[in-house]
Amino acid sequence: CRGRPARCRPRCRRRRRRGTLRRVARFLGRALPLCRAHTVEFYTRGLWQRLVAPPPAAVLEALRARGPLALRRPLAEASGAPAALWDDDTFSNVFCENSGKLINVHLFALAAQYYSFSNLGVCTPLEDVLQALRGDNQGTTGIKTDEFMNNKKSHEVQVMSELVDKIANYCGIKQVIDIGSGKGYLSSFLSMQYNLKVYGIDSSKTNTNGAHERNRKLKKHWRAYQSRGRANLQSQTLEKSNDRPVESEIKCKAVIEKPLNNDSSLQSQDQVIIQDLVPSCGFTEVATSETSKQTEVDLVDRTQSDESKLSEEVLSILNVLPADAVEVSSSQCNCGKLCEEEKAQRKMASLKAKASKSSESNLYFPLTSCITAETELGDIITDLEDCMIVGLHTCGDLAANTLRIFTAKPEIKAVCSVGCCYHLLSEQFENQEDRPEEVWGFPMCQYLKDTGWCCGRNARMSACLALERVAVGQMLPTESLFYRAVLQVIIEEMYGVSKSDRHVGKTFSKSSSFIDYVRKSLKKLELDDSKIPDSCIMDYYEKYKHRMNELEAFNMLKVVLAPCIEVLILLDRLCYLKEQDNIAWSGLVKLFDPVKSPRCYAVIALKKQSCF
C-alpha cells in the first residue's frame with residue numbers, strides 16, 4: 001500500500017486484515033478437532049487414537065523441543081529456517097489428508113507459532129500508540145496500586161489506566177464508562193490518579209456493593225496520599241521559587257493570546273508522529289483553555305502563604321477520591337475558615353453530582369445494570385456526555401457488546417476493551433439455529449458470518465489456556481484431569497450415565513486419594529457409591545494409569561494451539577471495527593505481560609473527527 005494514495009491505505013489495511021483472518025481460519029479449520037473434544041471424554045471417546053498418530057512420548061518430546069519453549073525465540077530460530085520462507089502451503093502436511101489425524105508434531109508447533117500474534121504483525125506496539133497520542137508521564141501523583149490490589153490486578157490497572165488517560169486527553173473528554181467494572185479497581189484508579197469522571201457499570205449488585213466497600217477501605221490509605229501530597233507540594237514550591245514572576249506573566253499572556261494550534265514547531269512535530277497511527281482530532285482549543293486556566297492558578301498561588309498552599313494540596317488530593325472515601329479530621333485542618341469553605345464547596349459539588357447536574361469530572365460512581373448491545377447508556381447515566389468506553393477483562397458477550405455500543409452511540413468517542421472468558425461467548429453457528437435477529441458474541445465480522453464459521457465451546461475454552469505460563473514452567477493440572485477422565489469411564493460403564501446436569505467441581509483438591517475422589521464425586525452427581533467397591537475403583541485406576549501421558553500430551557497440543565484460537569476471535573472483532581464507516585483508527589495492542597495476565601490484548605478504536 002506504500003505506493004498508493006493516502007485515501008486507499010485504509011482499504012488496503014482492511015484487505016490485509018481480512019487476508020490474515022482467512023489464513024488463520026484455514027489452518028484452524030483442520031486443527032480445531034483437537035480442541036473441540038473435551039478432556040472429560042478423553043478415554044470414553046478414544047480421543048488419542050482418533051486424532052493423533054504419533055505416540056505420546058514422541059509428541060511430548062517434540063513439543064518440549066519446538067513447542068511452547070520456542071515462544072522465547074524468534075520463529076526463524078525455532079524452525080531453523082528464515083521466517084520469510086514460511087507460507088500457508090508449508091503447513092499442509094501437518095494433518096493426514098484421509099484420516100485428519102495429526103501426523104507431524106514439529107510442523108504443528110511451528111504452524112501454531114506462525115499463526116500467533118507474535119508472528120502475524122497485526123498488533124500495534126503500545127509504545128507507538130502512546131507516542132502517537134502525544135502523552136507524557138508528567139503531572140501524575142504516582143499512587144501505588146499494589147497498596148490495595150494484588151500483583152496481577154495492579155499490573156493491569158496501571159498499564160491500562162495510563163493508556164485510557166492518554167486517549168481521553170487526546171479526544172478532549174473527561175467522562176469514562178467502565179463496562180463490567182466488577183469491584184471498581186480500574187474505575188477508582190482512573191478517578192484518583194487521573195481526575196476522570198468514571199461510571200462503573202456491573203450487572204452484579206454484589207460487585208457494586210464491593211466497589212463501595214473498597215472505596216471505604218481507601219480511607220486507610222489517606223495518610224500515605226497526604227504525605228505524598230506534601231512531598232509534591234515541596235517539590236513544586238522549590239521549582240516555582242526559581243521562576244521569575246515577570247517571565248511567568250509573559251508566558252501566561254502568550255498562552256492566552258496565542259492558540260496552541262498556531263505553535264508551528266511543537267504542533268507540526270506532533271502531527272508527524274500521529275499521522276499514520278491515530279487520526280488528528282483538533283482538540284487544541286480545549287488544551288489552550290486548560291493551559292491558560294492552570295497558568296492563572298499558578299500566578300494566584302504565588303501570592304498565598306505556604307500554609308495555604310499545603311491546605312490546597314491536601315484538598316486537591318481529597319478531591320480526586322470518591323466523595324465518601326475520605327474523612328477529614330480536625331487535626332488535618334489547620335487553616336480554619338479556608339478549610340471550612342473548601343469543605344462546603346466539596347459538599348455542594350457532591351450533592352450536585354448525585355443529582356446528575358455536576359460538571360466535576362474527578363468522581364467515581366458504581367452502578368448496577370445488565371449491559372446488552374441494545375442498552376441505552378443515557379437511561380443509566382443521566383448526565384451522559386462525550387465519553388469513552390472501557391472494559392478490563394469483560395466477560396463473554398460483554399466484550400463484543402461493548403464494541404457494538406461504541407460503534408452505535410455518537411457520544412462515545414473511543415473504546416479500549418480487553419475481553420476474557422471466550423468459552424462464555426454465544427456463537428451464531430454453534431447449534432445451527434436460525435435466529436438471524438439475535439445478537440451473537442461470535443462471529444462479528446462479515447467474512448466469518450458469510451462462511452458460517454464456528455469454533456465450539458470446547459475450542460473457545462481452550463483459547464483461555466495460558467501458553468506463556470506453561471512456557472515458563474507453570475504446568476497443567478494433569479493429575480486432576482486424569483482423575484476426571486477415569487471417573488467418566490466409571491460412571492458410563494457402571495452407572496450407564498453419559499451426560500449429567502451436575503458437576504464434580506473442585507473435588508480433586510479436597511480428596512486424599514483416587515478412591516476418595518471417586519466417592520465424593522459420585523455423591524455430588526447423586527449416584528449410589530455403595531454400588532462400586534474400593535477394589536473396583538482401583539482396578540480402573542490401574543487400567544488407565546499407564547495412559548496418563550496420552551492425556552498430558554493431548555492437553556499440551558491444546559495449549560500450543562490456544563493462541564491461534566484467540567487470534568481468530570480478536571481478529572474477528574478488529575475486522576468488525578474495520579467494516580464501520582465512522583471509525584478513524586482501530587487496532588489490537590498488547591497491554592500486559594502475558595505471564596502475569598494471559599488475556600493481554602486490547603481492542604482499541606477512535607471515532608472519526610466528524611463524529612465529534
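Mentor: Start with the caution, since this is a predicted model. Over residues 81–85 the pLDDT stays under 50, and the model gives this stretch six contacts beyond four places in sequence. Residues 244–276 also have pLDDT below 50, with 32 contacts in the model beyond near neighbours in sequence. Where pLDDT is low, the predicted coordinates should not be read in detail. For the protein, the mean pLDDT is 77, and 65% of the residues reach 70 or more.

Now the helices. Two packed helices are described by the angle between their axes and the distance between the axes. Helix H19 covers residues 397–408 and helix H26 covers residues 548–578; their axes come within 11 Å and cross at roughly 10 degrees. Angles under 35 degrees count as roughly parallel, and H19 and H26 are therefore roughly parallel to each other. On the H19 side, the contact is made by Ala399, Leu403, Arg404, Phe406 and Thr407, which meet Arg573, Tyr576 and Leu577 of H26. Sorted by class, this contact has five nonpolar, one polar and two charged residues.

Take Leu28 as an example: apart from neighbours within four places in sequence, Leu28 is in contact with Trp453, Leu561, Cys564, Ile565 and Leu568.

Note on methods:
Residues are numbered from 1 along each chain as its sequence is written. This is a predicted model: local features need pLDDT of at least 70, side-chain atom pairs count only at pLDDT 80 or more; totals for chains, interfaces and linings use all residues. Side-chain values use heavy atoms; hydrogens and water are left out. Axes are lines fitted to C-alpha atoms, for helices over the stretch in contact, and angles run from 0 to 180 degrees between N-to-C directions. Helices (H or I, at least four residues) and strands (E, at least two) are DSSP runs, numbered from the N terminus. Angles under 35 degrees count as roughly parallel, over 145 as roughly antiparallel, 65 to 115 as roughly perpendicular and the rest as oblique. Contact means heavy atoms within 4.5 Å. Ala, Val, Leu, Ile, Met, Phe, Trp, Tyr, Cys and Pro count as nonpolar, Asp, Glu, Lys and Arg as charged, and the others, Gly among them, as polar. pLDDT is the predictor's confidence in each residue, from 0 to 100.
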